[in-house]
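Here are some quick notes from going through the fold with you in mind. Have the viewer open as you read.

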Amino acid sequence: MSAHNRGTELDLSCISKIQVNQPAVLRRAQQLQALRSVKKEWQAAWLLKAVTFIDLTTLSGDDTSCNVQRLCYKAKYPIREDLLKALDVHDKGITTAAVCVYPARVCDAVKALKAAGCTIPVASVATGFPAGQTHLKTRLEEIRLAVEDGATEIDVVINRTLVLTGQWEALYHEIREFRKACGEAHLKTILATGELGCLTNVYKASMIAMMAGSDFIKTSTGKETVNATFPVAIVMLRAIRDFFWKTGNKVGFKPAGGIRSAKDSLTWLSLVKEELGDEWLTPELFRIGASTLLSDIERQIYHHVTGRYAAYHDLPMS
């Protein structure tokens with residue numbers, strides 16, 4: 001991963017002046033969804049690229065060491081080897097970008113990945129995920145414990161109340177505390193955009209999170225009523241671009257929640273390419289948070305190679 005974003009000074013005068021042109025954002029989102037998708041060999045190549053951006057995730061109340069172990073195995077071997085051989089990419093070391101689990105399951109993931117002999121990062125949601133409504137002291141301790149157990153990426157959730165009430169300085173200082181608690185682990189800040197009220201708040205929260213030292217900004221927990229949407233993504237990506245122009249710091253982007261189809265993943269890649277350029281299409285700067293997306297990508301790869309759709313038993317479960 002890239003070097004940490006160490007953050008910048010908070011400029012509240014700059015934040016207070018921000019207004020987002022919602023009709024223009026919605027028009028851009030409609031244009032995006034009208035794009036023609038890539039076909040055949042190009043589509044297969046882009047789908048394999050999408051695999052390398054996935055934070056393969058399990059965040060269920062019934063998670064056990066066994067299903068985390070299966071998830072880690074799937075992260076190392078995301079596409080059936082015979083399919084990769086047919087595409088002549090079996091020696092490219094294609095894996096998912098990371099495995100993402102609850103803090104209590106970090107040890108299981110670290111152990112499983114070590115046993116599999118791979119160095120895929122373990123990411124963990126923390127800070128009272130998904131609501132972020134626990135005491136700050138508790139949230140900071142949760143980060144520290146996850147890092148102690150071996151997580152090298154921490155997906156934190158912000159306190160949405162601070163956004164909805166315009167407490168931007170308090171939000172900045174809270175995320176600075178998260179940054180400090182992460183130590184050498186990368187900080188991915190979840191904005192929970194479906195609960196922020198408006199696109200202007202999404203832009204402001206994005207800028208505050210980057211100023212405070214976030215290495216990534218992420219759309220959603222996946223637990224909100226509304227998760228990753230294209231209008232929200234456009235606003236966040238343009239905030240990332242503005243922040244880069246002002247500071248020279250590249251911050252990553254992670255859409256999450258509701259991204260289930262291979263076709264959707266290609267649209268997300270196209271959006272990042274068009275808004276930020278090819279240099280952002282690396283696992284260091286772009287991730288997709290997903291639990292079921294990989295299954296559909298593998299089905300599409302299977303169809304491309306064999307000419308038929310996979311039966312239920314043809315593809316291994318994660």
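This is a predicted model: local features need pLDDT of at least 70, side-chain atom pairs count only at pLDDT 80 or more; totals for chains, interfaces and linings use all residues.

**Notes on the sheet and its helices**

1. One step along, Cys100 faces Ala123 of β3. To get from β2 to β3, the chain goes through helix α6 (residues 106-115), and that β-α-β crossover is right-handed.

2. On its other pairing, β3 meets β4 (residues 153-157), again in the parallel sense, over four bridges. Ser124 has Ile154 in β4 as its bridge partner.

3. How much of β3 is buried? Five of its five residues are, so the strand is largely enclosed by the rest of the structure. As a reminder, side chains in a regular strand alternate between the two faces of the sheet. In β3, Val122, Ser124 and Ala126 point one way, while Ala123 and Val125 point the other way, and all are buried.

4. Now zoom out. These strands belong to an open sheet of eight, with parallel pairing and the order β7-β6-β5-β4-β3-β2-β1-β8. Which strands stand at the edges? They are β7 (252-254) and β8 (288-290). Each has a single partner strand, so one side of each is left without a neighbour in the sheet. From one strand to the next, the twist averages 25°.

5. Helix α13 (residues 293-306) packs on this sheet, where it touches β1 (54-57) and β8. The direction of α13 makes about 120° with that of β1.

6. For a helix-helix contact, look at α11 (residues 230-247) and α12 (residues 262-276). Their axes come within 10 Å and cross at roughly 35°, and the crossing is right-handed. From α11, the contact uses Phe230, Ala233, Ile234, Leu237, Arg238, Ile240 and Arg241. From α12, it uses Thr267, Trp268, Leu271, Val272, Glu275 and Leu276. By type, the residues of this α11-α12 contact split into nine nonpolar, one polar and three charged.

Notes: Residues are numbered from 1 along each chain as its sequence is written. Side-chain values use heavy atoms; hydrogens and water are left out. Two strands pair if DSSP finds at least two bridges between them. Helices (H or I, at least four residues) and strands (E, at least two) are DSSP runs, numbered from the N terminus. Axes are lines fitted to C-alpha atoms, for helices over the stretch in contact, and angles run from 0 to 180 degrees between N-to-C directions. Contact means heavy atoms within 4.5 Å. A crossing is left-handed if the near helix is turned anticlockwise from the far one by less than a right angle, and right-handed if clockwise. Ala, Val, Leu, Ile, Met, Phe, Trp, Tyr, Cys and Pro count as nonpolar, Asp, Glu, Lys and Arg as charged, and the others, Gly among them, as polar. Buried means under 20% relative accessible area, exposed over 50%, partly exposed in between (1.4 Å probe, protein chains only). A crossover is right-handed if, with the strands pointing away from the viewer, the path from the first strand over the helix to the second runs clockwise.
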